[in-house]
Amino acid sequence: VQWGGAHVWKVAGKVFAIAGWSDGGTLGVTFKVSEMAFDILREQPGLRPAPYLASRGMTWIQRTGDEAMDDAGLADYLRESHRLVASKLPARQRLALGFD
């Protein structure tokens, strides 16, 4: 838990998902996506470019509702976010973590 009470998930110290409650009581989940997925998802209801991260050119999406992405879809994107972030780790670190 960090950044004002948000739950933050990391792989080797690198963030791949962030979740926290909005003022309206909705759980917001933020995760990294590919450039192609970002272009598609940012236009879907219940999804938006992640505040702060996307404005800095990063391909992060925030799910604010389940209109376009159910929990199973979210789980798939969280696995992909983990993979995307882990793939950018140095080779030695990926090997030590059993990713290669």
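**Figure 1. Serine 81 and its contact with phenylalanine 16.** In this predicted model, the side chain of serine 81 comes to 2.5 Å from the backbone oxygen of phenylalanine 16. Serine 81 lies in helix α2. Its relative accessibility is 0%, so serine 81 counts as buried. When neighbours within four places in sequence are set aside, serine 81 is in contact with Phe16, Phe31 and Lys32.

**Figure 2. Helix α2, residues 71–87.** This helix has 17 residues. From its first C-alpha to its last, α2 reaches 24 Å, close to the 24 Å expected at 1.5 Å a residue. At the start of α2, aspartate 70 places a side-chain oxygen within 3.3 Å of the backbone nitrogen of alanine 72. The buried residues of the helix are Gly73, Leu74, Ser81, Leu84, Val85 and Ala86.

**Figure 3. The largest nonpolar core.** Twelve residues form this core: Ala19, Val29, Phe31, Val33, Ala37, Phe38, Leu41, Leu47, Ala54, Ile61, Met69 and Leu74. Helix α1 gives the most, with three residues. In soluble globular proteins, nonpolar side chains tend to be buried together.

Figure 4. Leucine 41 is one of the residues of the largest nonpolar core. Not counting residues up to four places away in sequence, leucine 41 touches Val33, Leu47, Ile61, Met69 and Tyr77.

**Figure 5. The whole chain, for orientation.** The chain has three helices and five strands. Read from the N terminus, these elements run β-β-β-α-β-β-α-α. The radius of gyration is 14 Å, close to the 13 Å that the globule rule gives for 100 residues, so the chain is as compact as a globular protein of that length. Along its principal axes, the C-alpha trace spans about 40 × 30 × 30 Å. Of the 100 residues in the chain, 34% are buried. Among contacts between residues at least 6 apart in sequence, 41% join residues at least 24 apart. The chain exposes about 6400 Å², and carbon and sulfur atoms supply 53% of this area.

Conventions:
Residues numbered from 1 in each chain as written. Predicted model: local features only at pLDDT ≥ 70, side-chain atom pairs only at ≥ 80, totals over all residues. Heavy atoms only, no water. Helix = DSSP H or I, 4+ residues; strand = E, 2+ residues; numbered from the N terminus. Expected span 1.5 Å × (residues − 1). Buried < 20%, exposed > 50% of the residue type's maximum accessible area, 1.4 Å probe, protein only. Polar contact = N/O pair within 3.5 Å; in protein donor to acceptor, adjacent residues only side chain to side chain. Core = buried A, V, L, I, M, F, W, Y, C linked by side-chain atoms within 4.5 Å. Contact = heavy atoms within 4.5 Å. Rg over C-alpha atoms; globule rule 2.2 N^0.38 Å. Areas by Shrake-Rupley, 256 points an atom, 1.4 Å probe, with all protein chains shown as cover.
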